[in-house]
Amino acid sequence: MLFYIKLLTLLLSMTSCLLPTQLHSRSTSVYVNEVLDGDTIVVNSHDGYKEIYRLAYIDAPEIGQLGGKRSKRNLEKLILNKDVLVDVKQKDEYERKLVTVELNGSLVNLKQVSDGYAWSLTQQGEKNIFRRAEVSAKKYNKGIWYKNKP
């Protein structure tokens, strides 16, 4: 098992060069106390501040849209009530911080896409890991891509 964890860590570090920015430049530990939908979370920093973060590079259906509740449940399963590392990339048009989220060495943003509960917002073609994860999820009818499209 340890071998596979090390291998996964190595593969993730090798593919991180395909991301628009590095993952570990400003990582901060926070506690996820609420998931609003499949790409938006509420966190408490360890110094007591509460903030709303949106997962960078991905989009997910809203709660009232087809697959929205399933997308939210998947993200809850992954990170609700857990300490995670976040790296702020920028702010969106609603002034929410766009972040990458890491748990146990795994990029949660990418996991949402590869599980089929979100899609890539990046437009870098097939070489982008988010786009490749989306193509694979669609091909294998995972998550929201099962028989229906959002």
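Predicted model: local features only at pLDDT ≥ 70, side-chain atom pairs only at ≥ 80, totals over all residues.
Residues are numbered from 1 along each chain as its sequence is written, and side-chain values use heavy atoms, with hydrogens and water left out. Helices (H or I, at least four residues) and strands (E, at least two) are DSSP runs, numbered from the N terminus.

H2 comprises 12 residues and reaches 17 Å from its first C-alpha to its last, close to the expected 16 Å at 1.5 Å a residue; the expected span is 1.5 Å times one less than the number of residues. Gly68, Ser71, Asn74, Leu75, Leu78 and Ile79 of H2 are buried. They lie on the same side of H2, because they cover an arc of only 125° around the axis, the arc being that of the directions from the helix axis to the C-beta atoms. Lys69 and Lys77, on the other side of H2, are exposed. Buried means under 20% relative accessible area, exposed over 50%, and partly exposed in between (1.4 Å probe, protein chains only). Just after H2, Asn81 adopts a positive phi of about 60°.

## Nonpolar cores

A nonpolar core is a set of buried Ala, Val, Leu, Ile, Met, Phe, Trp, Tyr and Cys residues joined through side-chain atoms within 4.5 Å. The largest has 28 residues, and those with the most contacts inside it are Ile41, Ile79, Val84, Val101, Val108 and Phe130. Two or more residues each come from S1 (28–37), S2 (40–45), S3 (50–55), H2 (68–79), S5 (83–91), S6 (97–103), H3 (108–114) and H4 (129–139). S6 gives the largest share, four residues. A second, separate core of five residues includes Trp119, Ala137, Ile144 and Trp145.

S1 and S2 run antiparallel and are joined by six bridges; strands pair if DSSP finds at least two bridges between them. A hairpin links S1 to S2 through two residues, and Val30 stands opposite Ser45 in S2.

S2 and S3 also run antiparallel, with five bridges, and Thr40 stands opposite Arg54 in S3. Their hairpin has four residues between the strands, and Gly48 there takes a positive phi near 95°.
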